[in-house]
Amino acid sequence: MISNPFSSAFFAQCSTCAGLLNRSSALQCSQCRCVYYCSEACQRRHANQPDNPGLAHKAWCARLRLFRQRAPALAELPFGFASVTTADTFDSQCLSRFLLERGLLGRGMWRRECYAWLGVHPHPFDDDDNDADIGGVPLPGDLAPDPDPFALPDEAAVLVEAPSTVSATEPPPRISSWSDYYQMRGLPVDSPVCVLMQWPLTLYHLLFERLPVDAPDAYKRLTATVGDNRPCQLRRIVVHLIGVEKEVELIPALCELAKLAPGFSFRLVLVGKVAAGLLNQKHQDGITDSGDEESSCPARPDLIVAFNAGFAASISWPATLEFLKKLAIRTYVTDYCEFSMELSAVMCDKLGIGTLTPQRINPFRSPIRVPNEQLDLPSYSNAFISELVYPA
């Protein structure tokens with residue numbers, strides 16, 4: 001297997017000085033059991049943080065303890081492999097082994113999974129010289145197209161067509177859980193394709209589960225009925241995905257959105273960053289049920305979504321959020337863990353951008369636990385959902 005000396009199963013990071021620690025001997029807060037320290041001095045300094053009291057541990061300890069207690073709820077997934085991939089010892093080597101055993105390591109849309117965790121060649125067991133060197137991490141969108149993006153022949157054969165149970169003349173079916181989706185698609189519970197399908201299913205959930213509740217008037221406009229006794233005639237929906245990274249290489253998976261709701265024509269615009277008041281596209285793809293050509297000019301979105309946003313973790317977000325505030329378009333945000341979402345809420349409040357609604361567990365979160373050296377908290381891609389509400 002891959003030798004990764006910084007595997008999070010064994011190492012942690014001091015919350016004060018960021019020093020690398022042996023997890024088994026690191027000091028921990030005895031109350032929340034979420035943070036690590038290399039010394040009592042670092043622990044005392046982190047408890048108060050006079051230079052940044054908003055991040056002082058004593059202000060977060062009780063909430064971190066609650067976040068940690070929700071680990072069992074996040075691990076409640078219907079997959080046969082979930083007990084392995086949600087374990088608190090699941091680390092980068094476990095992920096590589098998981099993918100290798102299923103013939104997925106370094107293939108198709110799975111390549112980015114290894115890059116994100118290990119920062120190594122997508123297939124470290126391959127002796128061939130490819131265009132990425134060991135230790136190099138290609139920028140989003142730089143991976144060469146793969147003729148077999150799913151790398152799962154049975155699933156690929158199923159997903160190439162729309163489900164036989166959906167109709168373009170009826171409203172989209174109710175899909176409330178991974179069990180609903182797998183049953184509709186006839187997929188076995190041991191299939192790992194949910195790792196890829198978390199993205200289109202989360203979008204589907206936001207459009208057809210959350211939007212009718214959060215903004216019924218907006219949802220009605222998107223699903224306008226022609227006549228009193230005729231099926232819904234559904235118009236095009238434009239969604240901007242902002243702060244994109246790995247999503248630029250997941251277009252084959254995102255196309256599932258159109259297959260689940262064939263009465264819609266979707267246009268997804270993948271946006272990188274904001275500069276000089278303009279949305280700069282990193283990548284764009286029109287996803288429609290008719291295959292028509294799309295203009296290269298970004299359309300005004302009906303919805304904005306930021307996957308795994310982590311507003312407080314990047315210096316580029318404040319300018320982006322200021323621009324989104326001016327647009328005042330309904331925006332949903334996902335994140336890996338509750339702590340990250342809470343920090344995003346604090347930042348939005350300080351900037352006067354708006355507020356994040358109370359976060360909900362995403363039923364279509366990834367089943368792969370993400371290792372976290374800094375916090376002993378359960379983290380999953382797209383684990384939590386909030387709505388960004390702009391000030392009136």
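Helices here are DSSP runs of H or I with at least four residues, numbered from the N terminus. With that in hand, welcome to a quick tour of this predicted model.

**Around Leu-77**
- Leu-77 has a relative accessible area of 14%, under the 20% cut-off, so it counts as buried.
- Beyond its neighbours within four places in sequence, Leu-77 is in contact with Ala-82, Thr-86, Trp-178, Arg-365, Ser-366 and Pro-367.
- Arg-365 is 288 residues from Leu-77 in sequence, yet their C-alpha atoms are 9.3 Å apart in space.

**Aromatic rings**
- The whole structure holds 14 aromatic pairs.
- Phe-79 and Phe-81 are stacked, because their ring centres are 5.4 Å apart and their planes lie at 5 degrees.
- Phe-79 is buried at 5% relative accessibility, and Phe-81 is buried at 4%.
- Trp-178 and Phe-364 pair edge-to-face, with 5.2 Å between centres and 85 degrees between planes.
- This pair links distant parts of the chain, 186 residues apart: Trp-178 belongs to helix H8 (residues 178-185), and Phe-364 to the loop between strand S11 (360-361) and strand S12 (384-389).
- Ring pairs join Phe-79, Phe-81, Phe-98, Trp-178, Tyr-181, Tyr-182 and Phe-364 into a cluster.
- At Trp-60, the charged end of Arg-63 sits over the ring, 3.9 Å from its centre.

**Helix H9**
- H9 (residues 194-214) spans only 26 Å between its end C-alpha atoms, whereas a straight helix of 21 residues would span 30 Å.
- A kink of about 35 degrees is centred on Leu-206 in H9.
- H9 is largely enclosed by the rest of the structure, because 18 of its 21 residues are buried.

Conventions:
Residues numbered from 1 in each chain as written. Predicted model: local features only at pLDDT ≥ 70, side-chain atom pairs only at ≥ 80, totals over all residues. Heavy atoms only, no water. Helix = DSSP H or I, 4+ residues; strand = E, 2+ residues; numbered from the N terminus. Expected span 1.5 Å × (residues − 1). Bend = angle between axes of the 7 residues up to and from the residue. Buried < 20%, exposed > 50% of the residue type's maximum accessible area, 1.4 Å probe, protein only. Contact = heavy atoms within 4.5 Å. Phe/Tyr/Trp six-rings, centres within 6.5 Å; stacked < 30°, edge-to-face > 60°. Lys NZ or Arg CZ within 6 Å of the ring centre and 35° of its normal.
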